[in-house]
Protein chains: 2
Amino acid sequence: MANQFVKEIADINQDFPQWYTDVVKKTELVDYGPVKGTMVIRPYGYGIWENIQRELDARFKATGHKNVYFPLLIPISLLQKEAEHVEGFAPEVALVTKGGSEELAEPLVVRPTSETIFCSMFSKWIESYRDLPYKYNQWANVMRWEKTTRPFLRTSEFLWQEGHTVHATKEEAEKETIDMLYLYRDFAREVLALPVYVGQKSEKEKFAGALATFGMEAMMKDGKSLQAGTTHNFADKFSRAYDIKFLDKDGVLKYAWQTSWGVSTRLIGALIMAHGDQRGLVLPPKVAPIQVVIVPIASKKPGVLEACQKVMQQLQEKGIRTHLDDSDQSPGWKFNQWEMKGVPLRLELGPRDIENNVAVIAERCDNQKHTVSLDDLDKTIAELLDKTHENMYNKALEFRNEHTRICHNMEEIEQALNENCFAKVVWDVDAKCEALVKEKFQATVRVMLKEEQPFQETCSICGHKCENPVVTLIARAY
Amino acid sequence: MANQFVKEIADINQDFPQWYTDVVKKTELVDYGPVKGTMVIRPYGYGIWENIQRELDARFKATGHKNVYFPLLIPISLLQKEAEHVEGFAPEVALVTKGGSEELAEPLVVRPTSETIFCSMFSKWIESYRDLPYKYNQWANVMRWEKTTRPFLRTSEFLWQEGHTVHATKEEAEKETIDMLYLYRDFAREVLALPVYVGQKSEKEKFAGALATFGMEAMMKDGKSLQAGTTHNFADKFSRAYDIKFLDKDGVLKYAWQTSWGVSTRLIGALIMAHGDQRGLVLPPKVAPIQVVIVPIASKKPGVLEACQKVMQQLQEKGIRTHLDDSDQSPGWKFNQWEMKGVPLRLELGPRDIENNVAVIAERCDNQKHTVSLDDLDKTIAELLDKTHENMYNKALEFRNEHTRICHNMEEIEQALNENCFAKVVWDVDAKCEALVKEKFQATVRVMLKEEQPFQETCSICGHKCENPVVTLIARAY
């Protein structure tokens, strides 16, 4: 019985991709939609997204951002105004060519991202420095016609938030780009229990049309990197292409400075692959749709279900997301089921427990069991949820540290990557070296860690003395 | 000064459509997008939608519904499985025919509504009576290629929620259809301060593919009706078309019973046209993005801004959405600006008020002014917000009652409609009479009020004795 669910999940060490697919499907996070490359997000998966949204949205609002909604369809001519941007996105757009049974005069792009349409309105709205800054965000669906897709990680349609801001000075835009990067990093740490590397992207990896892109990269359990969020400093590149000018304090008409930044349902994929184990999901308490599942023991004995219901109500009143599994399956079946679904805490309550005014709590993250008093149960649970969060973060951090190697040369880079590690290198920000690593190892520059002190003077890739040595993370990536 | 904004808004009695357009644009709720028929929802408009979402979503969850997200794109072949449904929606769909620079083998419909794609997954997931009911909802964008569009009321893309449920019995589906209709009605009453007529739609006005559609209709200030929400009982029509079967308790394989229901950003249009006046918006406190605006008087005098900030903090801590207008405009300009924007309460605070430990509060809804103590201000404000809500509801109800006429015959129907009233008639549920009213008066059957006692035996339209007399509302509609 104990292995019923585990057997259905591929071995996490032998076949990580299949393990991922098994977990997302069997825990009913997601299913494949009727159109290739699309996903249906089921209640258990969408519940995680709602918690992510609520937590992030509060942080956006606390930093002065306002939500808006811009149209899904963008005239193709509008997309084409910024040359690099269209070059980056045109090959992967979906086009609406018919509306109301008629051929459209101009094809419309289903937004792959919304810089161009935000810019068209900013250009119309902004007149004076008094109007600035504009700090907007939208929660929306976007579409990119991808050839190879996997639920949450890469799908033709996905859900995300995209921030779009306009500033009167270059410095303010730079600050916003970094502030939002750190907001994402703190969110990953505090809500997803996810340690991330943050830093600037290389020219090759930056967003199409940006002056500079910054990213946060999380390590998955197969040692690959997942780009979990990005922020872009556009400087005045889009404002020149879309004619966004404002009359400054000094009476001079100037181009505005812009940023954008986003995270998506990909974060759910990150959670799964950073925290999951052979038994299935391990969900961080802050985003788990169910934080505590109550499993009655000998549930037909008088008083057991009533006691479970009372506990559920008590916890729910304190805002703890609690589910009572009163189905007619056996306790053992339920244990496995809810472990697979990654519920942080399981509370067992049987006749003897009730007699003794206690319950048994099992932690999903580290398998510990506690017998606790029913008095002040909500406090005990809240503490255990906090503990789980910290444990999960520390485990992920320890794993990441163990799997990040300082590499002085190509041999060490190769070894690190082959042993499923991130390679921390010194790089001279030379595109040729970046290309070499890609060609030889199918690995890419993830982020530059500019604040770290270079550990050698030579480039770890080509061995030449660096003019501008930067500590850089190289990894295979999703 | 007092008339600066009012002058910019067309006369509400002379040109209601222009009044509407002026109000939505000048209060910055919305702007036109670059594609004809689309809208950009700006922060002030989106703030209203967020409040609507939060209040409705809590009610959905409290009644056991779960949120999901289904793909935007639907294969055209999937749409075509239910004959009436495709006939209703095919003429107004947008089609994606290219993806990633390639022509698609099958065109994809941008969802006009999602019954078909939900059904395709229900068919895959549902096996046993144990799986039922499915009570799902999604918040999403949808697209209908409309010829004539107006912000919030009818746009090619709009935001909405769509509930989709599956049940084991016909009775359960019927109950869900009515339960959700009443949930919408109570929401309109309790959150939007909007009285609505609820009842069944005629065969002609029902949703394409439904067995029965129920709607709520709200009266706008021009005497027209606005359909503000609908619920549909599909019986087993879709489950037969999409093969949704379950093994029932008795061991027999049966078709499932379904419903769907939705409200949209149209509700924002309803609010504007039901509550607005010559000075602009009048927003119900429960959904107003700003509930209290603080206007400092003699703001350069020492201590004034500090006192305003203190009041703002105090109110915000109690969850009251408060904005301090510390811009350098005059108080008179600010009064007009925030009146136009429909903020329920304005709080004025000047040096003398501070000395006397009081503030002046002006109610937007009925223009009353009060001098109130700064002690317990949050309680006073909360009471005034509740009072505003009740006042707004009562005003709208009174207006609606004054503009609903009992009509015994065609002359009275004509007169009622020409005097911008709803015509309450007795109808024999005969499509010929419905067609006649449409042809003669461009008016439609809005809802049947089946629980009301017929006030005569003959049909108000054709004068014949009714076999099945039903009290029915006829009106011109948006």
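# Close-up views of a predicted two-chain model

**View 1. The largest nonpolar core and B:Ala423.** The largest nonpolar core of this predicted model holds 292 residues. The residues with the most contacts inside this core are A:Ala218, A:Ala423, B:Ala218 and B:Ala423. For B:Ala423, the partners beyond four places in sequence are B:Arg405, B:Cys407, B:Ile413, B:Ala416, B:Leu417, B:Ile474 and B:Ala475.

**View 2. Domains of chain A.** Chain A is split into domain 1, residues 4-275, domain 2, residues 292-388, and domain 3, residues 405-475. Between the C-alpha centres of domain 2 and domain 3 of chain A the distance is 49 Å.

**View 3. The contact between chain A and chain B.** Chain B contributes 40 residues to the contact, and chain A contributes 40 residues. Several elements of chain B each supply at least two residues of the side that touches chain A, including helix H3 (43-62), strand S5 (94-99), strand S6 (102-110), helix H6 (115-125) and strand S8 (157-167). Strands S2 (39-41), S3 (66-67) and S4 (73-75) of chain B are also among them. The element that gives the most to this side of chain B is S5(B), with six residues. Sorted by class, the side of chain B that touches chain A consists of 24 nonpolar, nine polar and seven charged residues.

**View 4. Strand S5 of chain A beside strand S5 of chain B.** Which way do S5 of chain A and S5(B) run, parallel or antiparallel? The two strands are antiparallel and are joined by five bridges. Within this pairing, A:Leu95 is placed opposite B:Lys98 of S5(B).

**View 5. The axis relating the two chains.** Chain B is superposed on chain A by a rotation of 180°, with 0.0 Å of shift along the axis and an RMSD of 0.0 Å. This relation is therefore that of a two-fold axis. The C-alpha of chain B nearest the axis belongs to B:Val96, at 2.1 Å from it. Both copies use the same surface, as 100% of the contact residues of chain B recur in chain A.

**View 6. B:Val23 in helix H2 of chain B.** B:Val23 is part of helix H2, residues 16-26 of chain B.

**View 7. Strands S3, S7 and S8 of chain B.** S3(B) and strand S7 (residues 134-143) of chain B run parallel and are joined by two bridges. Here B:Asn67 has B:Asn137 of S7(B) as its bridge partner. S7(B) also pairs with S8(B), in the antiparallel sense, over 10 bridges. In that pairing, B:Val142 is bridged to B:Phe158 of S8(B).

View 8. In chain A, the peptide bond between A:Leu132 and A:Pro133 is cis, with omega about -5°. A:Pro133 sits in the loop between helix H6 (115-125) and strand S7 (134-143) of chain A. In chain B, the bond from B:Leu132 to B:Pro133 is cis, with omega near -5°. The loop that holds B:Pro133 is the one between H6 and S7 of chain B. Most peptide bonds are trans, and most residues other than glycine have a negative phi.

View 9. B:Ser101 is a residue other than glycine with a positive phi, near 65°. B:Ser101 belongs to the loop between S5 and S6 of chain B. B:Ser101 is exposed, because 11 other C-beta atoms lie within 10 Å and the class covers counts of 12 or fewer. B:Phe152, another residue other than glycine, has a positive phi near 70°. The loop between S7 and S8 of chain B contains B:Phe152. B:Phe152 counts as buried, because 26 C-beta neighbours lie inside 10 Å.

Key. Residues are numbered from 1 along each chain as its sequence is written. Chains are lettered from A and ligands numbered from 1 in the order in which they are written. This is a predicted model: local features need pLDDT of at least 70, side-chain atom pairs count only at pLDDT 80 or more; totals for chains, interfaces and linings use all residues. A nonpolar core is a set of buried Ala, Val, Leu, Ile, Met, Phe, Trp, Tyr and Cys residues joined through C-beta atoms within 7 Å. A residue is buried if 20 or more other C-beta atoms lie within 10 Å of its own, exposed if 12 or fewer, and partly exposed in between; C-beta atoms are placed from the backbone. Two residues are in contact if their C-beta atoms, placed from the backbone, lie within 7 Å. Helices (H or I, at least four residues) and strands (E, at least two) are DSSP runs, numbered from the N terminus. Ala, Val, Leu, Ile, Met, Phe, Trp, Tyr, Cys and Pro count as nonpolar, Asp, Glu, Lys and Arg as charged, and the others, Gly among them, as polar. Two strands pair if DSSP finds at least two bridges between them. Domain bounds come from an automatic or database domain assignment. Copies are superposed by least squares on the C-alpha atoms of residues with pLDDT of at least 70 in both.
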